[in-house]
2 protein chains.
Amino acid sequence: MSESQNEASNAFDVRPGEMATELPATFDAGLYFIGRIHTPWTRREDCPKHARESDAVCTIEVEERYAPALAGVETCTHLLVLYWMHRSRRDLVLQVPRHYGEQRGTFALRSPVRPNPIAASVVKLVAIEGPRLSVVGLDCLDGTPLLDIKPYFASTDAVSDAVVGWHVEQKS
Amino acid sequence: MSESQNEASNAFDVRPGEMATELPATFDAGLYFIGRIHTPWTRREDCPKHARESDAVCTIEVEERYAPALAGVETCTHLLVLYWMHRSRRDLVLQVPRHYGEQRGTFALRSPVRPNPIAASVVKLVAIEGPRLSVVGLDCLDGTPLLDIKPYFASTDAVSDAVVGWHVEQKS
């Protein structure tokens, strides 16, 4: 098995210290993929660990039927982008992320593995051309399905003194 | 028709200047409601217009099967909460919000009316007791379905100089 296959299969395995829950038999609501995100990364292991690790300009392509919804977006310096981490298992409640090596609850992590694998990333808007947005600040795989674009309001979305306690300890 | 019924029906009407798109016939992915949010507001017109308008402590109740996923959340000062705005139509691409009175694209607004009505709110964590979180910073209806809880990282989530141009102009 090549290293890359190994990496891919690990994304679906349960490691020691991890715990799965039984998911409901049916979904409660449905999502539309409203576009696609184009990035330089085609393998999970090539993606930056954090969005701020890379200056790469990525492209968000909105489906034609939703393109009129972009009116006014050009006045925003930053956007909140929601997308679907479609390759992730959804039943783990306790995880041991490889780069931390400690067991933590899914809701204390930004891991793609979660009951509803919706990612939320703040991006800097560089340009808009028709239904295509050039942005900086994404770290996802090429071809990732887009769910939503929202204006980022510093007044309600920015909390610069917020602390994730376990992460601070890990670094010190 | 009472004022409250009128308000409710308006949430589903198309106002002059608004534009609907044709949504796809099928969904692309499914969501689990992982809990409920309890707030003081039972009617749409009573909800604060912005989350920071109210100091009300709201309660997020996570379903028992996902409760282990809260391990480590107690070390966070702030969380990013994703929830489902279940009473909203999904097909409007141009909207004329009543309190602004101007036509704008859905992706330039934080309106609940959008193809995927997922709200993202930053909350301050006040307390955790078992599967119940007490938080400040929500503005949604009582009983709103919960989708996700994420740790809020100031390093990637906080952009204090972000500007929404159309909103700045509106206020001046």
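## Salt bridges across the interface

A salt bridge is counted here when a side-chain nitrogen of Lys or Arg lies within 4 Å of a carboxyl oxygen of Asp or Glu. The model is predicted. By this rule, four salt bridges cross the interface of chain A and chain B. In one of them, the side chain of A:Arg110 meets that of B:Asp157, with 2.9 Å from N to O.

Polar contacts are also present: 42 residue pairs between chain A and chain B, both residues at pLDDT 80 or more, are in polar contact.

## Extent and make-up of the interface

Chain A and chain B each bring 69 residues to the contact. The area buried between them is about 6,800 Å², and carbon and sulfur atoms give 62% of that area. On the chain A side, the residues that lose the most area to chain B are A:Tyr32, A:Phe107 and A:Arg110; together they account for 13% of what that side buries. A:Arg110 is also the salt-bridge partner of B:Asp157.

Returning to the 42 residue pairs in polar contact, the side of chain A that touches chain B draws two or more residues from each of several elements, including strand E5 (78-84), strand E8 (118-129), strand E10 (144-151), helix H2 (154-157) and helix H3 (165-171) of chain A. E10(A) gives the largest share, five residues. By class, this side of chain A has 42 nonpolar, 15 polar and twelve charged residues.

## A:Asn116

Where is A:Asn116 found? A:Asn116 sits in the loop between E7 and E8 of chain A. A:Asn116 counts as buried because its relative accessibility is 0%.

The side chain of A:Asn116 reaches the backbone oxygen of B:Tyr32 at 2.7 Å. Apart from neighbours within four places in sequence, A:Asn116 is in contact with A:Trp84 and A:Arg90 in chain A, and with B:Gly30, B:Leu31, B:Tyr32, B:Ile34, B:Leu147 and B:Asp148 in chain B.

## Cysteines

B:Cys47 is buried, with a relative accessible area of 17%. For B:Cys58, the closest cysteine sulfur is also in B:Cys140, at 6.6 Å, again too far for a bond. B:Cys58 is buried, at a relative accessible area of 0%.

Note on methods
Residues are numbered from 1 along each chain as its sequence is written. Chains are lettered from A and ligands numbered from 1 in the order in which they are written. This is a predicted model: local features need pLDDT of at least 70, side-chain atom pairs count only at pLDDT 80 or more; totals for chains, interfaces and linings use all residues. Side-chain values use heavy atoms; hydrogens and water are left out. Buried means under 20% relative accessible area, exposed over 50%, partly exposed in between (1.4 Å probe, protein chains only). A disulfide is a pair of cysteine sulfur atoms within 2.5 Å. Contact means heavy atoms within 4.5 Å. Buried area is the accessible area (1.4 Å probe) that two parts lose on being put together, summed over both. A polar contact is a pair of N or O atoms within 3.5 Å; within protein, one must be able to donate a hydrogen and the other to accept it, and residues adjacent in sequence count only if both atoms are side-chain atoms. Helices (H or I, at least four residues) and strands (E, at least two) are DSSP runs, numbered from the N terminus. Ala, Val, Leu, Ile, Met, Phe, Trp, Tyr, Cys and Pro count as nonpolar, Asp, Glu, Lys and Arg as charged, and the others, Gly among them, as polar.
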